[in-house]
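Good morning, and thank you for the time on today's agenda. I shall go through one protein structure, beginning with a pocket and ending with the backbone.

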Amino acid sequence: MDNVLRLDSGFAFDFSNLFGPGRVTQEDVASVAAKLAAAHSAVERMRATGVVEGHLSKDGAPELVLFTQLPYVQEGNLNTPSSVRRLLSFGEGLRHHTDAVVSFGIGGSFLGNKVLFDVQCGEFWNSKDTQARNGWPKCYFSGNNIDPRRTSELLAQLLAEAKSKAASGSYAEPYRVLLIVISKSGATLDTMSTFMVMLDALQAQAPQIEVAVAVVTGPPVAGEPTLLGRLAEERNWPVFAVPDGVGGRFSVFSEVGLLLGACVGFDIEAFLAGARSMDEACRTPEVRRNPALWNAALKYLAAQRCGCRTEIFMPYGDYLKSTAEWYVQLLAESLGKRLDRTGREVHYGRTPVVAVGTTDMHAQTQLHQDGPRDKVVQFVQVDRWAEDPLIPDLFPAVPKLTEISGLPMSRALDAALASNATALAADGRLTATFHLPEMNAFHLGELLYILALSIAYEGELAGVDAFDQPGVEAYKKILGPLLQEQRRVRTGC
Ligand code: PA5
């Protein structure tokens with residue numbers, strides 16, 4: 001049987017270096033057949049009803065898990081044709097009108113948005129003029145840390161842009177900035193503190209700067225809107241939804257990700273179509289034909305049988321680095337658990353590590369090749385690049401440089417990945433590769449969705465709740481009183 005699982009879309013999962021003698025074996029898989037069947041049934045049940053056995057919200061109440069509904073727009077689940085139209089028309093309304101968007105959020109309210117931005121816009125978006133951006137606004141991120149220097153510098157940047165707009169002669173036109181504040185709970189310290197600093201300072205520059213605000217927040221709790229929802233109601237800010245049952249790390253397929261995408265011209269419909277296509281490919285109970293279940297099974301068994309308790313997520317391409325960062329949260333928060341569902345201490349989890357090829361071949365690969373045999377390296381390869389400069393024969397007298405001349409850059413990149421994978425495999429190191437036919441919204445939807453669904457399956461295999469994060473409450477219980485104390489000391493009240 002082929003060791004590559006290919007979908008009709010061209011997306012492929014190559015597990016040749018993860019499965020077989022000396023790796024995860026057929027016998028390993030057979031030994032957990034009952035668990036795999038149960039994991040498949042549990043995820044089917046979650047799809048149909050939202051019920052995940054034993055899953056409770058942080059308040060201890062049973063909570064549905066509904067992220068698998070998000071791609072099914074036509075069926076009118078959580079995203080509907082009209083909600084998508086609203087997003088598209090909101091984004092379109094910014095074109096040739098709003099100069100910059102600042103997206104505030106942290107964790108699940110930031111990481112997925114950065115992925116969409118990077119794939120759509122790349123590194124130099126904000127240095128391009130409006131025409132080169134096709135009329136879409138510039139885009140900045142904030143709130144993903146409480147960093148005083150970066151917050152001040154972002155503010156200074158916006159003020160400088162406003163000044164330069166005014167100096168360019170369009171005095172009648174204010175500099176228009178939209179602040180998108182994203183918080184499911186509606187009160188996250190990091191997000192709200194940076195938002196308040198920025199809103200206050202920008203509003204002080206009226207009428208040269210015109211500030212608008214849009215909010216993405218969770219539903220009312222016990223009839224009460226979230227704090228952010230209440231502010232939006234009082235101030236008439238447009239509100240978009242983080243639906244009940246969609247946790248932060250799964251929310252890139254909800255209005256959390258879609259709104260930001262719509263504001264920079266990212267094809268949110270193709271993105272959801274890619275997620276849907278992956279979901280449909282993952283319905284079969286045949287483990288080796290179900291890409292997410294097979295990925296989960298191999299990673300689970302690589303940990304249990306081969307001691308691989310670290311996963312290096314290594315896309316080959318700069319603009320996929322944020323995908324690795326998004327995956328770090330998904331894997332760490334979902335599977336890093338003290339207790340299993342029976343209450344037994346298991347300390348389950350696999351440590352996720354961000355790497356980028358070829359960059360980290362000059363930094364981490366030494367460790368992957370010669371260090372502890374506790375890693376699985378998950379590569380991501382883009383098969384066709386929209387832009388692909390030819391490496392010229394610029395110095396024909398230098399043999400070392402002529403060796404690579406005449407090659408498109410993508411060939412050199414692919415060769416680097418292939419040589420890395422081959423060298424690791426030759427030493428019995430475990431690796432796998434996801435292939436994206438192209439770096440576009442559809443295939444990105446497939447990639448993020450296979451990763452999200454794999455986590456749901458692995459939670460079932462490991463017997464842990466992949467949808468809670470009780471561990472983050474520990475520091476929050478300390479931080480709240482600490483801040484109150486500091487405020488009391490500073491202000492006297
Ligand atoms: O995945 C999660 O639940 C977290 O990372 C949250 O997204 C993060 O803490 C931000 O929370 P909120 O959206 O409530 O501001």
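One definition is needed at the outset: Ala, Val, Leu, Ile, Met, Phe, Trp, Tyr, Cys and Pro count as nonpolar, Asp, Glu, Lys and Arg as charged, and the others, Gly among them, as polar. This is a predicted model, in which local features need pLDDT of at least 70 and side-chain atom pairs count only at pLDDT 80 or more, while totals for chains, interfaces and linings use all residues. Residues are numbered from 1 along each chain as its sequence is written, and side-chain values use heavy atoms, with hydrogens and water left out.

I begin with the domains. The chain is divided into domain 1 (4-60 + 274-472) and domain 2 (67-266), with bounds that come from an automatic or database domain assignment. Their centres, taken over C-alpha atoms, are separated by 30 Å. In terms of contact, meaning heavy atoms within 4.5 Å, 31 residues of domain 1 meet 23 residues of domain 2.

How much area do domain 1 and domain 2 bury between them? The figure is about 2,300 Å², 67% of it on carbon and sulfur atoms. Arg-276, Tyr-319 and Trp-326 supply 28% of the area that domain 1 buries against domain 2, more than any other three residues. Buried area here is the accessible area (1.4 Å probe) that two parts lose on being put together, summed over both.

Across this interface the rule finds two salt bridges, a salt bridge being a side-chain nitrogen of Lys or Arg within 4 Å of a carboxyl oxygen of Asp or Glu. The structure as a whole holds 28 of them. In one, the side chains of Glu-333 and Arg-249 meet at 3.1 Å, N to O.

Now to the second largest pocket, which has a volume of about 870 Å³. Of the 28 residues that line this pocket, Tyr-319, Trp-385, Ala-386, Glu-387 and Met-439 are the closest to its centre. On a 1 Å grid over the protein atoms alone, a pocket is an open set of points with protein on both sides within 12 Å along at least five of seven lines, a cavity is a set where a 1.4 Å probe fits but cannot get out, and lining residues have an atom within 4 Å of a point. Grid points are joined across faces, edges and corners, and a volume is the space filled by probe spheres set on the points.

Why does the second largest pocket lie between the domains? Domain 1 and domain 2 both give residues to its lining. By class, that lining has 13 nonpolar, eight polar and seven charged residues. Helix H14 (409-426) is among the elements that supply at least two residues each, and H14 gives the most, with four. Helices (H or I, at least four residues) and strands (E, at least two) are DSSP runs, numbered from the N terminus.

A search of the whole structure finds one cavity of 30 Å³ or more, and about 50 Å³ of space lies in the largest cavity. Its lining includes His-368, Arg-373 and Leu-424.

Finally, the backbone. Most residues other than glycine have a negative phi, and most peptide bonds are trans. A cis peptide bond joins Ala-206 and Pro-207, with omega about 5°, and another joins Gly-357 and Thr-358. His-96 has a positive phi of about 55° although it is not a glycine.
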